[in-house]
Amino acid sequence: LAVVPLSILHRLTGRPYYAMAIYAIDLTAVVALNPFFKFDGYWLLVDLSGLVNLQRRAFSLWKELLPWIFNKRIPPTLESISGRGRKILLLAYASFLGVTFVAALPFLLRRVPWAMRGLQDSVLGLPQAFRHGPEVAALAVGHFLGALLFWVFFGRMAAALISRLVISAARVSRNR
């Protein structure tokens, strides 16, 4: 709803910050459609497929991978799902989620020092940017939000990994 008036204002005035706001809204919409975080895209996939707790099932499937390979038995998570299409969807989702998680972790860890410095610089530069006008302020806010988005993404991944490790450790200690 905000894109239409922003587009009209951009056409009338030619100011770049209206276009930047439109790009930010578009980027937010694309991120919201990401099915790997519990945003709109995830819930849409869950609703369309009927696979409740899709993400949890995908992680369970990864835990059952080695017994599946060595025992040549269908994993209980996959066995509990009816329908060939739903099983394929779960396998595809789990595969893509696992590969993305494993590939993204080293990249994110290498970016931590840069991201810390970027967040610090963007926060310290905000007051000065607002003194230089709306275009500079819009760029500074975008830089700040980009740095903040990294930390939100990194924090969610770290929290997911830590919770999985804690849950696994609790199960191992309970089984002893």
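Predicted model: local features only at pLDDT ≥ 70, side-chain atom pairs only at ≥ 80, totals over all residues.

Visitor: Where is serine 122 found, and is serine 122 buried or exposed?

Guide: Serine 122 is found in helix α7. Its relative accessible area is 4%, and buried means under 20%, so serine 122 counts as buried.

Visitor: What does the side chain of serine 122 reach?

Guide: That side chain reaches the backbone oxygen of leucine 119, at 2.9 Å.

Visitor: Now for the nonpolar residues. How should I think about them?

Guide: In soluble globular proteins, nonpolar side chains tend to be buried together. Here, the largest nonpolar core has 14 residues. Leu54, Ala58, Leu90, Tyr93 and Leu97 are the ones with the most contacts inside that core.

Visitor: Which helices each supply at least two residues of this core?

Guide: Those are α3 (40-49), α4 (54-63) and α7 (84-131). Apart from this core lies another, of six residues, including Leu108, Ala115, Phe150 and Met157.

Visitor: Back to Tyr93, then. What is tyrosine 93 in contact with, leaving aside its neighbours within four places in sequence?

Guide: The list is Pro35, Phe36, Tyr42, Leu45, Leu54, Gln55 and Ala58. You've met Leu54 and Ala58 already, among the residues with the most contacts inside the largest core.

Visitor: And how do I describe a pair of helices?

Guide: Two packed helices are described by the angle between their axes and the distance between the axes. Take helix α1 (residues 3-13) and helix α2 (residues 16-32): their axes come within 8 Å and cross at roughly 155°. Angles over 145 degrees count as roughly antiparallel, so α1 is roughly antiparallel to α2. The crossing of α1 and α2 is left-handed.

Visitor: Which residues make the contact?

Guide: From α1 there are Val3, Leu6, Ser7, Leu9, His10 and Thr13. On the α2 side, you'll find Tyr18, Ala19, Ala21, Ile22, Ile25 and Asp26.

Note on methods. Residues numbered from 1 in each chain as written. Heavy atoms only, no water. Core = buried A, V, L, I, M, F, W, Y, C linked by side-chain atoms within 4.5 Å. Buried < 20%, exposed > 50% of the residue type's maximum accessible area, 1.4 Å probe, protein only. Helix = DSSP H or I, 4+ residues; strand = E, 2+ residues; numbered from the N terminus. Contact = heavy atoms within 4.5 Å. Axes fitted to C-alpha atoms, helices over the stretch in contact; angles between N-to-C directions. Parallel < 35°, antiparallel > 145°, perpendicular 65-115°, else oblique. Left-handed = near helix turned anticlockwise from the far one by under 90°. Polar contact = N/O pair within 3.5 Å; in protein donor to acceptor, adjacent residues only side chain to side chain.
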